[in-house]
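The entries follow in the order in which I made them.

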Amino acid sequence: MNDKRKDYITWDEYFMAVAKLAGMRSKDPNSQVGACIVSADNKILSMGYNGFPMGCSDDEFPWGRDDEDPLKTKYVYVTHSELNAILNYRGGSLEGAKLYVSLFPCNECAKAIIQAGIKTVIYDSDKYDGTPAVMASKMMFQAAGVQFKKYTPTDRKIEITV
Ligand SMILES: Nc1nc(=O)n([C@H]2C[C@H](O)[C@@H](COP(=O)(O)O)O2)cc1CO
Ligand SMILES: [Zn+2]
């Protein structure tokens, strides 16, 4: 019994699972998104999920997607998981960090990711691929030298009982 165990999870599985765990805190009935920011040497720096800003009640602000009045939709209020993860970091610089996120970043988060100095984005779903927001993100990431790569799922099921 001198050998280490072999079936431990990889760094990518670990950080994507942590991102998705954060997403499980989201109150959004349609899309629960989670993000985890990791240093170049694989230390978790911050996490976030999509939700309304502090003081903006989950029970009072709207979670709907469609309304002729944009003020009655979530879109004008919600903070995306990636921006929350960046803003939740209180330790200094994110220069050279990696971002794991369960959904490809929008153009507004792409701007924040670039300006924060994050250099790598590992994403899972790309369900809004082809929309102007995602096309703009990809153009900005390419121009700014931010690598983005799709997470490669494994056949491992990570289950946690709490
Ligand atoms: N990358 C992202 N991170 C996020 O946190 N979000 C959030 C904003 C909304 O709360 C929700 C998207 O809502 P829906 O349009 O799929 O019903 O996910 C959205 C995106 C997509 O760009
Ligand atoms: Zn965003």
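**Entry 1: charged pairs**

I looked up Lys-43 and Asp-41 and found both exposed. The two form a salt bridge, with 3.4 Å between the closest N and O atoms. The model is a predicted one, and I read the distances below as computed from it.

I then looked for salt bridges that share partners, and found that Lys-20, Asp-124 and Lys-150 are joined into one network. The count of salt bridges comes to 12.

Next I checked Asp-58 and Lys-27, whose side chains meet in a salt bridge at 3.6 Å, N to O. Asp-58 sits in the loop between β2 and α2 and Lys-27 in the loop between α1 and β1, so this pair ties together parts 31 residues apart in sequence. Asp-58 is partly exposed, because its relative accessible area is 30%, which falls between the limits of 20% for buried and 50% for exposed. Lys-27 also counts as partly exposed, at 35% relative accessibility.

The side chains of Asp-28 and Lys-74 make another salt bridge, at 2.9 Å, N to O. Asp-28 lies in the loop between α1 and β1 and Lys-74 in the loop between β2 and α2, so the pair links parts that are 46 residues apart in sequence.

An unreviewed UniProt entry lists His-80, Cys-106 and Cys-109 under "binding site". They span 30 residues in sequence, but no two of their C-alpha atoms are more than 8.8 Å apart, so they gather at one spot.

His-80 is in the loop between β2 and α2 (81-88). With a relative accessible area of 30%, His-80 is partly exposed. Beyond its neighbours within four places in sequence, His-80 is in contact with Tyr-49, Asn-50, Cys-106 and Cys-109.

Cys-106 and Cys-109 are both buried. Cys-109 lies in helix α3, residues 107-116, and has a relative accessibility of 4%. Leaving aside neighbours within four places in sequence, I listed the contacts of Cys-109 as His-80, Glu-82 and Leu-83.

Which residue does UniProt list for "active site"? The unreviewed entry gives Glu-82. I found Glu-82 in helix α2.

Why does Glu-82 count as buried? Its relative accessibility is 3%, and buried means under 20%.

For the rest of the helix, I noted that the buried residues of α2 are Ser-81, Glu-82, Asn-84, Ala-85 and Ile-86. These buried residues pack against β1 (34-38), β2, β3 (98-103) and α3.

**Entry 2: the nonpolar surface patch**

Last I looked up nonpolar side chains on the surface. Ile-9, Trp-11, Tyr-14, Ile-44, Met-47, Ile-158, Ile-160 and Val-162 form a patch there, with about 810 Å² of accessible area together. Which elements give two or more residues to the nonpolar patch? They are α1 (11-23) and β2 (44-49).

I took a residue from each of these elements. Trp-11 lies in helix α1 and, at 48% relative accessibility, counts as partly exposed. Ile-44 lies in strand β2 and is partly exposed as well, with a relative accessible area of 34%.

I also checked Trp-11 against Asn-42. Trp-11 and Asn-42 are 31 residues apart in sequence, and their C-alpha atoms are 7.6 Å apart in space.

Key:
Residues are numbered from 1 along each chain as its sequence is written. Chains are lettered from A and ligands numbered from 1 in the order in which they are written. This is a predicted model: local features need pLDDT of at least 70, side-chain atom pairs count only at pLDDT 80 or more; totals for chains, interfaces and linings use all residues. Side-chain values use heavy atoms; hydrogens and water are left out. Patches are made of residues with over 30% relative accessible area and no salt bridge: like charges are joined within 9 Å, nonpolar side chains (Val, Leu, Ile, Met, Phe, Trp, Tyr) within 5 Å. Accessible areas come from the Shrake-Rupley method with a 1.4 Å probe; for residues, only the protein chains shown count as cover. A salt bridge is a side-chain nitrogen of Lys or Arg within 4 Å of a carboxyl oxygen of Asp or Glu. Helices (H or I, at least four residues) and strands (E, at least two) are DSSP runs, numbered from the N terminus. Buried means under 20% relative accessible area, exposed over 50%, partly exposed in between (1.4 Å probe, protein chains only). UniProt positions are given in the numbering used here, feature names are shortened, and annotations may be inferred rather than shown by experiment. Contact means heavy atoms within 4.5 Å.
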